[in-house]
Amino acid sequence: MNTRLTLFVVLAGTVFLLSSCRTAAPRLDYRALANASVKLGMDIDLHDNHRLYTEVAGWIGTPYRMGGDTKRGTDCSGFTRQIYKTVYHKSLDRNSEGQRKQCRKVAKHQLKEGDLVFFSSNNSGKKVAHVGIYLKDGKFVHASSSRGVIVSKLSESYYKTHWISGGRR
């Protein structure tokens, strides 16, 4: 009798444990990812930060507006601030130099998805005048003063010349 009870308890426990283990595929919004891929002009892989890519894709084409931080109009630091707030739940300063000071410096070859990228301008000397968010494959998203929110390549002549550093928060 004792052996049967022990066997029953072991079998019942095994069934319970096996039935409580459930492996499920991650829930992905394939339509949103496909739209983001098209808008950003890049492939989005399974291991990429899908929330980052779908969020920034929603900003593509937003016009530039000095001091703005909404989809009706934004400047570069307003854009990065809103993305970090939404995607990472982190607060960033309202200007690009302040954002640089909040980050750990990262070399260009060590950039990871979500790192900030900082640039000077023709008029700023070596001071930070522009910020964007690194995506991958040498591409970053930013609010251009002439074209609004766009994806650009770090290898473009202007960005190579005006590169200051990457930053990780």
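Trainee: What makes H3 count as mostly covered?

Mentor: In this predicted model, 6 of the 8 residues of H3 are buried. Buried means under 20% relative accessible area, exposed over 50%, and partly exposed in between (1.4 Å probe, protein chains only). The buried ones are His50, Leu52, Tyr53, Glu55, Val56 and Ala57. As a predicted model, it needs pLDDT of at least 70 for local features and 80 or more for side-chain atom pairs, while totals for chains, interfaces and linings use all residues. Residues are numbered from 1 along each chain as its sequence is written, and side-chain values use heavy atoms, with hydrogens and water left out.

Trainee: What covers the buried residues of H3?

Mentor: The cover includes H2, H4, S5 and S6. These labels are DSSP runs numbered from the N terminus: helices (H or I) have at least four residues, strands (E) at least two. The protein has 6 helices and 8 strands.

Trainee: Why is H3 called oblique to H4?

Mentor: Two packed helices are described by the angle between their axes and the distance between the axes. The axes of H3 (residues 50–57) and H4 (residues 76–88) come within 10 Å and cross at roughly 140°. Axes are lines fitted to C-alpha atoms, for helices over the stretch in contact, and angles run from 0 to 180 degrees between N-to-C directions. Under 35 degrees counts as roughly parallel, over 145 as roughly antiparallel, 65 to 115 as roughly perpendicular, and the rest as oblique. The crossing falls in the rest, so H3 is oblique to H4.

Trainee: Which residues make that contact?

Mentor: H3 gives Arg51, Leu52, Glu55 and Val56. H4 gives Phe79, Ile83, Thr86, Val87 and Tyr88. Contact means heavy atoms within 4.5 Å. By class, there are 6 nonpolar, 1 polar and 2 charged residues.

Trainee: What makes a set of residues a nonpolar core?

Mentor: The members are buried Ala, Val, Leu, Ile, Met, Phe, Trp, Tyr and Cys residues, joined through side-chain atoms within 4.5 Å. The largest such core here has 26 residues. Val56, Phe79, Ile83, Leu116 and Ile133 have the most contacts inside it. Helix H2 (30–40), H3, H4, strand S4 (116–119), strand S5 (130–136) and strand S6 (139–144) each give two or more residues. H4 provides the largest share, 5 residues. Another core, of 8 residues, lies apart; Val106, Val117, Phe119 and Tyr159 are among them.

Trainee: Which residues does Val56 touch?

Mentor: Leu40, Phe79, Ile83, Leu135 and Val141, not counting residues up to four places away in sequence.

Trainee: How do you know that Ser96 is buried?

Mentor: Its relative accessible area is 9%. The limit is under 20%, so Ser96 is buried. Ser96 is found in helix H5 (residues 96–101). Beyond four places in sequence, Ser96 touches Ser77, Phe118, Val128, Ala129, His130 and Val131.

Trainee: Why is His89 called exposed?

Mentor: The relative accessible area of His89 is 62%. Exposed means over 50%, so His89 qualifies. His89 lies in the loop between H4 and H5. His89 has a positive phi of about 55° although it is not a glycine.

Trainee: What makes Asp137 count as exposed?

Mentor: Asp137 has 64% relative accessibility. The cut-off is over 50%, so Asp137 is exposed. Asp137 sits in the loop between S5 and S6. Its phi is near 50°, a positive value in a residue other than glycine.

Technical notes: Nonpolar A, V, L, I, M, F, W, Y, C, P; charged D, E, K, R; others polar.
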